[in-house]
Amino acid sequence: MSLDNLRNELHGLADEVRPVDLHDRTLHTSRRLRLRRTAVTSVAAVAALVAASGLALAVVPDERTVDPPAASSTAPPSPATSSPAPPSSAPPPAAVELPRHQGTAPPRFAAGPLANARAD
């Protein structure tokens, strides 16, 4: 096969090819990509909002763990007819020193019914 024959065959093949309009296909792909990016951005924004609200709720102290106020006596106070009672001679309660964590970061404790649960 000579180069002239090859050239003629390639020209004949090129004449058989119909032109393709890629404009509509490009617009369709562009729309599809725009919708996908919008959806991914929306899902990421919702996930960030959920994570931020979860973190905010985790930081707020739980009302159930707050100690109730000391119960006062139900009897009404008697009128003061004598001198006030002498101060108590009992020493004040000693401050309790909590152990410090020896590692690089303190241990994390979770509040709730499954606090500090382990999945072994």
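Which leucines form a nonpolar patch on the surface? Leu3, Leu6, Leu10 and Leu13 do, and the views below start from the whole chain and come back to them. The model is predicted, so local features need pLDDT of at least 70 and side-chain atom pairs pLDDT 80 or more, while totals for chains, interfaces and linings use all residues. Residues are numbered from 1 along each chain as its sequence is written, and side-chain values use heavy atoms, with hydrogens and water left out.

**View 1. The chain has two helices and zero strands.** Helices (H or I, at least four residues) and strands (E, at least two) are DSSP runs, numbered from the N terminus. Of the 120 residues, 0% count as buried (under 20% relative accessible area; exposed is over 50%, partly exposed in between; 1.4 Å probe, protein chains only).

**View 2. Helix H1 lies largely in the open, because the number of buried residues among its 14 is zero.**

**View 3. Leucines make a patch on the surface.** Together, Leu3, Leu6, Leu10 and Leu13 have about 400 Å² of accessible area. Patch residues have over 30% relative accessible area and no salt bridge; like charges are joined within 9 Å, nonpolar side chains (Val, Leu, Ile, Met, Phe, Trp, Tyr) within 5 Å. Leu6 is found in H1 and, at 38% relative accessibility, counts as partly exposed.

**View 4. Asp4 and Arg7 meet in a salt bridge.** Their side chains come to 3.2 Å, N to O (a side-chain nitrogen of Lys or Arg within 4 Å of a carboxyl oxygen of Asp or Glu). The structure holds one salt bridge. Because they are three residues apart in H1 (residues 3-16), about one helical turn separates Asp4 and Arg7. Asp4 is partly exposed at 49%, and Arg7 is partly exposed at 46%.

**View 5. Asp21 sits in the loop between H1 and helix H2 (23-59).** The side chain of Asp21 reaches the backbone nitrogen of His23 at 3.3 Å. At 59% relative accessibility, Asp21 counts as exposed.

Note on methods. Areas by Shrake-Rupley, 256 points an atom, 1.4 Å probe, with all protein chains shown as cover. Polar contact = N/O pair within 3.5 Å; in protein donor to acceptor, adjacent residues only side chain to side chain.
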